[in-house]
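My notes follow the display.

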Amino acid sequence: MDSSVTAKATDAELANSIRALAMDAVEAAKSGHPGMPMGMAEIAVALWKRHLRHNPANPAWPDRDRFILSNGHGSMLLYSLLHLTGYDLPIGELSRFRQLGSKTPGHPERGCAPGVETTTGPLGQGISNAVGMALAERLLAAQFNRPGHPIVDHYTYAFMGDGCMMEGISHESCSLAGTLGLGKLIAVYDDNGISIDSDKGEIKQWFTDDVRKRFESYGWHVIGPLDGHDVEALDRALKRAKREKSRPTLILARTTIAKGAPTKANTGAAHGAALGAQEVAATRQAIGWPYPAFEIPQHVYDGWDAREAGKRAEKNWRRRFAAYEKAFPAEAAEFKRRMAGELPDGFAATAERLVAEFNQKAETVATRRASQLALDALVPALPELIGGSADLTGSNLTMAKSSKVIGRGGGGNYVFYGVREFGMCAVMNGLALHGGFIPYGGTFLVFSDYARNAIRLASLMGAHVVYVFTHDSIGLGEDGPTHQPIEHAASLRLMPNLDVWRPADTVETAVAWWAAVQRKNGPTALLLTRQNVPFCKRADFAGIERGGYVLADAPAARATIVATGSEVAIAVEAQKLLAADGMPVRVVSMPSTSVFDRQDADYRNAVLGTLPKVAVEAGVSDYWRKYVGLEGAVVGIDRYGESAPAADLFKHFGFTPAKVAEAVRSIVK
């Protein structure tokens, strides 16, 4: 009888199967990062074999533990684990690592391989997503659990490396996690002492932080340092971490990068390059792995197989949920709706009433205030909305009347993120990806630069998040050039899958919020004014949701003025000046170029027409050439601003009805 079939796999064999798959896949691709998977193999055995509760047959099971590989360059660790434990990720996909169309791209990407919870490329964002997921778990538990019915009860685990520690975003998010006391967040730090720079790659040349003291100062529970290759020690550490209820836990694990490789272990050469055929062969011999590339013996597969355990775990949860549903039918229905990402029945009517109310009141207010008024109606009607601001709540006006601040215990629906724009947006991604929430967060538009990479990943993943970016132009006034966004609206519009709205008044703001809430396949940015803007009279609302529409037409129009945000009112006044001179023009309001560009050609042509065009926006002018052409004109600003009252700045930079009218005359023959 073949002993390989009947033998029980040892922990060493389980770990070595990861090492083999990692070095084989990287070798086949001739690129990748074999060192981290080989170094963290025992850590993976301790967590995935003894603690992680998951079901390979149903990666979307709501009460599964979440696992985040923050040091995502070591993606072969995750792909190996998914394959070995029974997810629908066949060995052929591992052999096609980093190849076109494979489910195993160079860094984990949500939506490619089943079981990948989030896209972790830029370092530090994975652990920040994990903070959001742990926060989501706690808030859902507070909202839905009842005595004897814990339907939300899972952990969030994250692996992180030296790069995650060095990136500033880990300071932002981990500091917040400690302040909020997220006790069911457990991170393991792969402390291998090796990075890329220099021949040896020893990070002590550029990273000498006392990580223990740093995380203890955040309010974390810190375990170790311990031997990251001792499965039993790691198991004990994970058990201790799970007993800690009031603080997140960081386990410090000392490891050897590319452990098992005879000449490249513990060197920078193993971090981001294939080991080479000779080293791979020598490693096989050194670790006692006699099997060919991409071959795993059956007893090792059996040792890793998590399908039966996962099936039992989910079945037990579904039994508990059935009892919960019987005792609390309304709450159970709401939980299922939330986790499915469906809006409540009748919510569309709420949005329609809001738009009608704003139209009836016809108020002249800042669009940031219009946004707050919209939130006063939306937050009570949509319990999955979870808001926040990066220490600018009173300026962003992101807190609704029914908002409740989240503290160290219990629930709530509003986060004081502190001055952590990047961390805020990455945590929001985690909240959205966990399920059950639509997060929104505010800061000044100019500070979207700090958060940009988290916004990009939200766009890449199609995460349902909303950014409230206020103080959207030189109209913020006296704070001056450092706070006045010039290029920001245009640069955000260039980001694929990010919908950008710059509404002109209360009604457009309400429609923008409705569009953001009902959009499920990507993030939305709302660009809002500090200064008051007048209400715009319009025939109907139908065109607003299409991103651009004719706000004010004129018979026999000779030109079209296209404007956004606070400049729409200027365009309407310019229309009046030109009409008095016998030159009728059309005014188009385009609150969202992103949405407008997705409309069919007939609609876009009907709105813009073939007339000469002038675009008006208090931002860089080049972006608008796609609409007005080289023969058209743009009233924009292609330099940084000044410190002065808003009215003075608009006049100084030519954002006046007279200047817009002059631009129209310059292109009409």
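I sorted the lining of the largest cavity by class and got five nonpolar, four polar and three charged residues. My classes: Ala, Val, Leu, Ile, Met, Phe, Trp, Tyr, Cys and Pro are nonpolar, Asp, Glu, Lys and Arg are charged, and the others, Gly among them, are polar. The lining includes Trp48, His54, Arg64, Asp65, Tyr87 and Glu117. I read about 110 Å³ for the space in this cavity.

The model is predicted, so I noted its limits: local features need pLDDT of at least 70, side-chain atom pairs count only at pLDDT 80 or more, and totals for chains, interfaces and linings use all residues. Residues are numbered from 1 along each chain as its sequence is written, and side-chain values use heavy atoms, with hydrogens and water left out.

A cavity here is a set of points on a 1 Å grid over the protein atoms alone where a 1.4 Å probe fits but cannot get out; lining residues have an atom within 4 Å of a point. Points join across faces, edges and corners, and volume is the space filled by probe spheres set on them. I count four cavities of 30 Å³ or more.

The second largest cavity holds about 50 Å³. Its lining has five nonpolar, two polar and four charged residues. Among them are Asp472, Glu487, His488, Arg502 and Glu617.

Next, I looked up the cores. A nonpolar core is a set of buried Ala, Val, Leu, Ile, Met, Phe, Trp, Tyr and Cys residues joined through side-chain atoms within 4.5 Å. Buried means under 20% relative accessible area (1.4 Å probe, protein chains only). The largest core has 83 residues; Tyr440, Ile474, Trp513, Ile561, Phe655 and Val664 touch the most other members.

How values were computed: On a 1 Å grid over the protein atoms alone, a cavity is a set of points where a 1.4 Å probe fits but cannot get out, and a pocket is an open set with protein on both sides within 12 Å along at least five of seven lines; lining residues have an atom within 4 Å of a point. Buried means under 20% relative accessible area, exposed over 50%, partly exposed in between (1.4 Å probe, protein chains only).
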